[in-house]
Amino acid sequence: MQEAILEARGIAKRFGAVVAASDINVKIGPGERVGLIGSNGAGKTTFVNMITGYLKPDEGQIKLAGTDITRLAPRAINMLGVKRSFQIPQLFGDLSVLENMLVALACRDGQGNFLRSARDPLRVEHADGLLRRFRLQEHRRRRVSELPGGVRKLLDIAMALTARPKLLLLDEPTSAVAADEKFQMMDTIMSALAEDPETPVLFVEHDMDIIGRHATRVIAFYSGRIIADDAPAAVLAQDDVRRYVTGEISGE
Amino acid sequence: MNTIIHSTALARGLQGSSRPLRTLAAAAATFTVLAVAGLCVPAWLTYLVTIAAGNALVSLGIVALMRGGVVSFGQGMFFAAGGYGAALLFNQAGWTDALALAAAGGVLAVALALPFAPLLARYRGIFFATLTLALSMVAYGVLMKWPELGGSDGFTVGRPTLLGQRLDGPEGAYRLFLLTVALAAAIGFLARIYFASSTGLVTLAARDNELRVEYLGASVRRLIGANFLIAAFFGGVGGALVVLSLGHVEPAFSYWTVSGEFVFIAVLAGYRSVPAVFIASFLLEIVRSFSSAYFPNTWQLALGLFLLLVIRFLPQGIGSLWTREAR
């Protein structure tokens, strides 16, 4: 493997008696498309929240491109290049699609600029480029609160890409999207991300067809532990994964 | 070098939209119209516009905060800081130039706000509102008990000068009116540029979803803190201008009912439009004047009914009549 962009070593997290993460060891290299699978409560979101700094592990260390980020605040981790989208899109409902992108670009460029127009031509051009990649151009002027759920998901991810992330985390990018739109939406996301081939992407997903189609590697969680970490076909064929994740083998 | 960088930033800002030039033209046109109108209308009306413009600047500070999702109920403190600062500089330090006194009022108000900004920036909603109210009432109590500052009676201020000329008589009042309107137009223009800037847009976004703004890498606390200082500056300049027109300053400037009137103007205007703040302030002064004349001692009743009607029919303020969003 090339030098790891993300390296988690011996990560553990408990909430009282509940073990949310135990002995998590993961290395993610450039360009990987990693699917995180597991039933609800398996530890996927806890893992994502520890990478992004919203939860601090009780044990272990997390490094981003060699820098220890274990104890850093979420904003500091974000500024180092860990970007994410949310299971429930976190947008600015009163603003238009373009304005949401401009907010993301303004935040990327730092605060304290009281003179530079929010609609600086360079930023508008950048925003439009990303909107095109995500096929959102037609919604450019629409207020976000009026948009359908799938479009909001795409915008949420497009905003995360404004700052050329070192690592991108997508939390259930196709959840709450109609079954017949899921594949098309994930195709749109992945083709948009293909323009940043070096950026590793971790995505939490419950649909194994999508995992099989878009992941180059799959990490399966169960009860706070990693029970499988390999190529999709190999992981999905493992008995533990079929028993605890996909439910193809019933009972203990 | 710094000047070059700032000039470039400004140039790019101006390139980004034709709005700044349009706003500048609108501010200049408004000033010209009011300057000409001031020659034709009765003196009481120019005086009323002068007070309304000064008060509008104070409320514009609240609007700057409202855009970030917080409301100050203690803006009277900065109104008083600017007023007392200008009055003391006039009486004690011999500063007489109205423009310098107005600027000093703003600077003194910012100096007063500076130690509290980091604390207040941590709070939202009712906590922010209550803390600002508490600060203004502490300031009111201090002013009431400070004999050197005139105690509960306050003290009077003489007529200032402008460019070396004393602003006496009707002509002096007209020049003070011109100065106040010019400063209001200039600050309104700058506020409009700020609201349309990157930071202004991020402030609006923070009102909507603070978590995402933080996650995009901006500090909402810094934004609120900066807006608090901007609000203080606007309040201080407004306070100084009003005191120079009134010729008197007193602790009541920092009393909660005065802050309430500034909030009233901000609510009436809404946070979408800068000109709406000036219009709302003028409307309030008109309602106050006519109510006082025709319904003495019950003008608050008229004020309350007026506010009820506005909230019922224009919940986003009168600015929403002509703009979806002033960004």
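This is a predicted model: local features need pLDDT of at least 70, side-chain atom pairs count only at pLDDT 80 or more; totals for chains, interfaces and linings use all residues.
Residues are numbered from 1 along each chain as its sequence is written, while chains are lettered from A and ligands numbered from 1 in the order in which they are written. Local features are reported only at pLDDT of at least 70 and side-chain atom pairs count only at pLDDT 80 or more, whereas totals for chains, interfaces and linings use all residues.

**View 1. Chain B as a whole, with its 14 helices and 4 strands.**
Helices (H or I, at least four residues) and strands (E, at least two) are DSSP runs, numbered from the N terminus. The C-alpha atoms of chain B fill a box of roughly 55 × 45 × 40 Å along the principal axes. A compact globule of 327 residues would have a radius of gyration near 20 Å, and the 19 Å of chain B agrees with that; the radius is taken over C-alpha atoms, and the globule rule is 2.2 Å times the number of residues to the power 0.38. Of the 327 residues in chain B, 50% are buried, where buried stands for 20 or more other C-beta atoms within 10 Å of a residue's own, exposed for 12 or fewer, and partly exposed for values in between, with C-beta atoms placed from the backbone. Among contacts in chain B with a separation of 6 or more, 79% join residues 24 or more positions apart, a contact being a pair of residues whose C-beta atoms, placed from the backbone, lie within 7 Å.

**View 2. Helix α2 of chain B, with a buried side and an exposed side.**
Helix α2(B) covers residues 19-40, and its 22 residues should span 32 Å at 1.5 Å a residue, which agrees with the 31 Å between its end C-alpha atoms; the expected span is 1.5 Å times one less than the number of residues. Which residues of α2(B) are buried? They are B:Pro20, B:Thr23, B:Ala27 and B:Leu34. Seen down the axis of α2(B), these buried residues fall within an arc of 60°, so they line one face of the helix; the arc is that of the directions from the helix axis to the C-beta atoms. The face turned away from that buried side carries exposed residues, including B:Leu21, B:Arg22, B:Val36 and B:Cys40.

**View 3. Helix α13 of chain B and the helices that its buried residues pack against.**
The 21 residues of α13(B), residues 274-294, should span 30 Å at 1.5 Å a residue, and the end C-alpha atoms are 31 Å apart, which agrees. Among the buried residues of this helix are B:Val274, B:Phe278, B:Leu284 and B:Glu285. The buried residues of α13(B) pack against α3 (43-66), α8 (169-195) and α12 (256-269) of chain B.

**View 4. An open antiparallel sheet in chain A.**
Four strands of chain A lie in the order β2-β1-β4-β5, and the edge strands, each pairing on one side only, are β2 (18-28) and β5 (67-68). Two strands pair if DSSP finds at least two bridges between them; β1(A), residues 6-15, is joined to β2(A) by 7 bridges. Helix α1(A), residues 44-51, packs on the sheet, touching β1, β2 and β4 (59-64) of chain A, and its direction makes about 60° with that of β2(A); axes are lines fitted to C-alpha atoms, for helices over the stretch in contact, and angles run from 0 to 180 degrees between N-to-C directions.

**View 5. The hairpin of β1(A) and β2(A), and A:Asp23.**
The bridge partner of A:Phe15 in β2(A) is A:Val18, and A:Lys13 stands opposite A:Ala21. The hairpin has 2 residues between its strands, and A:Gly16 takes a positive phi near 65°. Most residues other than glycine have a negative phi. In strand β2 of chain A, A:Asp23 has a positive phi near 50°, and A:Asp23 counts as partly exposed because it has 14 C-beta neighbours inside 10 Å.

**View 6. The contact of chain A with chain B.**
The contact takes 29 residues from chain A and 32 residues from chain B. On the side of chain A, the elements that give two or more residues are α2 (74-80) and α3 (97-108), and α3(A) provides the largest share, 7 residues.

**View 7. A:Glu198, in a loop of chain A.**
This loop runs between α6 (179-193) and β8 (201-204) of chain A. With 11 C-beta neighbours inside 10 Å, A:Glu198 counts as exposed. Leaving aside residues up to four places away in sequence, A:Glu198 touches A:Pro30 and A:Gly31.

Terms used:
Two residues are in contact if their C-beta atoms, placed from the backbone, lie within 7 Å.
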